[in-house]
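Subject: Handover of a structure and notes on its contents

Dear colleague,

Please find below the structure that I am handing over to you. I would ask you to keep it open while you read the notes that come after it.

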Amino acid sequence: MLMFKTDAGVITDRFDHASQGVLEFSAADFNFTGEWYEAAPVNVTVMCLPTGVDDAEMVPLEVEEQPNLFMMPNFGYFYRGSLKDVNVQSPDGWYDLIVILEDMSGNYQMQYLSPAFRIEENV
């Protein structure tokens, strides 16, 4: 589960200003126990870069776990972060998002969403 919202809670992928954008997603290392799934935490890395710019600098995005939103067996750990640190120019305002999840054994999954969101002020 991944979504973008405004700081007022409106679901969208387009923002006038970076400070308005909020990223939310859930993730876990799910292990089937024979009867039930257990969820172990994962290391999370989130970055973005302007869409279609080959030599673009990746911008790290800080996300924090929201323990009060932990939900099993459906979603696992819930994370939230701001787009406020997205301060690099984009030719058309669109940005790609990279999310890397790594379990304690070193197994990882990388998701690359292109384009993922738009920030008008960075055009």
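Predicted model: local features only at pLDDT ≥ 70, side-chain atom pairs only at ≥ 80, totals over all residues.

Residues are numbered from 1 along each chain as its sequence is written, and side-chain values use heavy atoms, with hydrogens and water left out.

The sheet

Helices (H or I, at least four residues) and strands (E, at least two) are DSSP runs, numbered from the N terminus. Two strands pair if DSSP finds at least two bridges between them. An open sheet of four strands has the order β1-β3-β9-β8, and its pairing is antiparallel. Strands β1 and β8 are at the edges with a single partner strand each, so one side of each has no neighbour in the sheet. On average, neighbouring strands of this sheet are turned by 25 degrees against each other, direction ignored; the axes used here are lines fitted to C-alpha atoms, for helices over the stretch in contact, and angles run from 0 to 180 degrees between N-to-C directions.

Strand β9 has two pairings to follow. With β3 it pairs in the antiparallel sense over six bridges, and Leu 23 stands opposite Gly 81 of β9. With strand β8 (residues 63-65), β9 pairs in the antiparallel sense over three bridges, and here Val 63 stands opposite Gly 81. In a regular strand the side chains alternate between the two faces of the sheet.

Aromatic pairs

A pair of aromatic rings is described by the distance of the centres and the angle of the planes. Rings of Phe, Tyr and Trp (its six-membered ring) pair if their centres lie within 6.5 Å; planes under 30 degrees apart count as stacked, over 60 as edge-to-face and the rest as tilted. By this rule the count comes to three aromatic pairs. One of them is the stacked pair of Phe 25 and Tyr 79, at 5.3 Å centre to centre with 20 degrees between the planes. Phe 25 belongs to strand β3 (residues 21-27) and Tyr 79 to strand β9 (residues 77-82), so the pair ties together parts that are 54 residues apart in sequence. Both Phe 25 and Tyr 79 are buried, a word that stands for under 20% relative accessible area, with exposed meaning over 50% and partly exposed in between (1.4 Å probe, protein chains only).

Tyr 95 and Phe 117 have ring centres 5.4 Å apart and planes at 15 degrees, so this pair is stacked. Tyr 95 is in strand β10 (residues 94-102) and Phe 117 in strand β11 (residues 108-119), 22 residues apart, and the pair thus links distant parts of the chain. Tyr 95 and Phe 117 are both buried. Together with Phe 4, Tyr 95 and Phe 117 form one aromatic cluster.

Salt bridges

Side chains of opposite charge can pair when their charged atoms come close. A salt bridge is a side-chain nitrogen of Lys or Arg within 4 Å of a carboxyl oxygen of Asp or Glu. How many salt bridges does a search of the whole structure find? The search finds five.

Among them is the bridge between Lys 5 and Glu 24 (3.1 Å, N to O). Lys 5 lies in strand β1 (residues 2-6) and Glu 24 in strand β3, 19 residues apart. Glu 24 counts as buried, at 4% relative accessibility. Glu 24 also meets Arg 80 in a salt bridge (2.7 Å, N to O). Since Arg 80 is in strand β9 and Glu 24 in strand β3, the pair ties together parts that are 56 residues apart in sequence. Arg 80 is partly exposed at 31% relative accessibility.

Another salt bridge joins Asp 85 and Lys 84 (3.4 Å, N to O). Asp 85 is partly exposed at 33% relative accessibility, whereas Lys 84 is exposed, with a relative accessible area of 52%.

Glu 121

Glu 121 is found in the segment after β11 and is partly exposed at 41% relative accessibility.

Yours sincerely
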